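Student: I am new to this structure and would like to learn how to read its features one at a time. Could you show me the general idea first and then the case at hand?

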Amino acid sequence: MTNFLLVALIAIAAYYWFRRPTPVKPKIAAPESLRKTRYGELIGFKDRNGLLCWQGIPFAAPPINELRWKAPRPPAPWQGVREALAPGNKPVQVGSATGGFKKADYGKPAGSEDCLYLNIWAPEKSTKKLPVMVWIYGGGNAAGAADLPAYNIPYFAAGGDVVVVTFNYRLGILGWFYHSALAASADNPEDASGNFGTLDCVQALRWVKENIAVFGGDPNNVTVFGESAGGINTLSMLLVPQARGLFHKAIAQSAITTCYSLDEAQNYSDDAIAGHEHSSKEIISLLLQQQELVISPTAARVLQNSMDDAAIREFLFGLSAEELLTPFNKVVMGMYQSPRPIADGAVFPTCSWHEAFSDPALHNAVPLMIGANRDEFKLFLAGDADDYVDMRFGIIPTPKDSVRYQRDGRYLSDLWRASAVDEIAQRLVAHKQAAVYAYRFDWDDWPRLPFMNLPELVGAGHGVEIMFMFGIVGERPWLRFLLGRRRFKEMQALGEAMRQYWIAFASSGEPNAKQQNDAQLTQWTAWPQPEQTTENTLLLLDSPLESSSHMVRDILSIADIRQNLLADPAISADPEELRRMYARLFIYGIQGRYWDTLHYPGLEQYQVDGAERYLAVACRPALIP
């Protein structure tokens, strides 16, 4: 087989796995799936792996009309038997592969405001109540859906003695949007919070607690897990008081810890306390112009400032969901920037997430599995044709400077892990309330392709672990012809090991409790107490060819990364390069703002006078994945 044929076949396989929407096939209701929930009777179907499945179950009232920008309300009961044979509507977003839309819908408003539906997979028969795993999808909290083909729930759940739930939640401007005019008409603090997508997650967990027993699940053994934005929302459940008692364990994969103040969520970007470039006031000004009510940004601000709360509400509620998306002209794979989550004081604490995890009163102490991929940020560098890659033949990214690409990828990925894994673990274990299990996903054994060095370009990049835990290899034996017999076998083994760790943790709060098929898996130990200075801290997940999975002691802190950057001779020798990287990491970084002039005096001008230049040129904020 030639290399060119190999490339073509892998490209076709990737297209069908990641991009093609799930084909709609008629499903036949299975009489044995009849269940009676608190809201009415449901009937589902039997899936290809012999699991019973129910799809498109409403877990909240449709958040439309007067319930737009309100906390979710319980669903209305129904009469008779409701067929649960197909997923519910996808949330409103800009159509893309990230949301599982057809190519004809890419770049256009897609989805529905009536989107709060969940799906359940469960064994047909069980002699005991099973642990429940509730999956939260990723997509930057601006794109995505629960029914993507990449989330191969039947494979993950089959034979695992577990009930799995997935659900949709509101995204982007409909999921996170704070304005004092909306808060003024709120019925409760949650309505006023602006964190509607977060509260959708809480409502899904509330529905699970009330109803999952009739599907064979244990309402007192619920694990919430998610990746990327799903990891953010998983960590959110540890922080919002409304979620306490609704779940008992959490698995956060490749999360981030950035939150936004009410001022950032609402203020104009040039106010004394600057708002986000897509704050609610900035968005309203753009909408006023796009509705042709004014002809300039200045006129839009004057008009908005003259409008009272009732007029602003009337204007916003008079717009369709499609019109609300029009201000966002920087959209990549369906994702765009806007403030989320919002530190409102009722749903999220007003302090940073790191401070909240340092205070036992501000977080939900449950066993936590948390981790990141070794090369998280490389995926985003590979899409940066301005600064980091050239597009060979117009479609194949190639690093402009391999040394710089690897160096910056390392710093940005290390900061990701330090902020979203190690700093959190260190804070949580100090309270001695619940165990923390940390991992780093290291697999980068990509096939060697002509014109594209995937180990260098992507490595163990953001989202790569998804194809392992959800079985892209496990259910596709024909891939051995593309990947090679050795690589295929090792990928199968790594994917199965991850599935066993995840399900064991969901079952008992300890990832080694149940290992199937006599698998000899590395013993995964919890993150040690601060005084245990020689104990291992995290599990490296990898295939045997590379280094195999094993425990190591490796702790990254934000302070250490800052010090390493300032001492790096390849960077510190060039003041402009040092300012660029310092700003990208610690001022405008994807993981939050760690600005401290005591560590590097002289950068004040780059935070204030030079902010616009760095935002536009060297430090464009990356999309939240």
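Predicted model: local features only at pLDDT ≥ 70, side-chain atom pairs only at ≥ 80, totals over all residues.

Student: Where does aspartate 114 lie, and with which residues is it in contact, leaving aside its neighbours within four places in sequence?

Tutor: Aspartate 114 lies in the loop between β7 (109-110) and β8 (117-122); helices here are DSSP runs of H or I with at least four residues, strands are runs of E with at least two, and both are numbered from the N terminus. Apart from those sequence neighbours, aspartate 114 is in contact with Pro62, Pro63, Ile64 and Asn89, contact meaning heavy atoms within 4.5 Å. The C-alpha atoms of aspartate 114 and proline 63 are separated by 6.1 Å, although the two are 51 residues apart along the chain.

Student: How should I read two packed helices?

Tutor: Two packed helices are described by the angle between their axes and by the distance between the axes. Here the axes of helix α9 (residues 280-290) and helix α11 (residues 309-317) come within 11 Å and cross at roughly 65 degrees; axes are lines fitted to C-alpha atoms, for helices over the stretch in contact, and angles run from 0 to 180 degrees between N-to-C directions. The contact is made by Ile284, Leu287 and Leu288 of α9 together with Ile312, Phe315 and Leu316 of α11.

Student: And how are strands read in a sheet?

Tutor: Strands of a sheet pair through backbone hydrogen bonds, either parallel or antiparallel. In this model three strands form an open sheet in the order β1-β2-β5, with mixed pairing, and two strands count as paired if DSSP finds at least two bridges between them. The edge strands are β1 (35-37) and β5 (81-83), each of which pairs on one side only, and the twist averages 40 degrees from one strand to the next. β1 and strand β2 (residues 40-43) pair in the antiparallel sense over three bridges, whereas strand β9 (residues 130-136) and strand β10 (residues 163-167) run parallel and are joined by four bridges.

Student: What describes a pair of aromatic rings?

Tutor: Such a pair is described by the distance of the centres and the angle of the planes. Rings of Phe, Tyr and Trp (its six-membered ring) pair if their centres lie within 6.5 Å, and planes under 30 degrees apart count as stacked, over 60 as edge-to-face and the rest as tilted. By this rule the count comes to 31 aromatic pairs. Tryptophan 69 and phenylalanine 177 form a stacked pair, 5.1 Å centre to centre with 25 degrees between the planes, and both tryptophan 69 and phenylalanine 177 are buried. The rings of tyrosine 169 and tryptophan 176 have their centres 6.4 Å apart and their planes at 80 degrees, so this pair is edge-to-face.

Student: Are tyrosine 169 and tryptophan 176 buried or exposed?

Tutor: Tyrosine 169 counts as buried at 0% relative accessibility, and tryptophan 176 counts as buried at 1%.

Methods
Residues numbered from 1 in each chain as written. Heavy atoms only, no water. Buried < 20%, exposed > 50% of the residue type's maximum accessible area, 1.4 Å probe, protein only.
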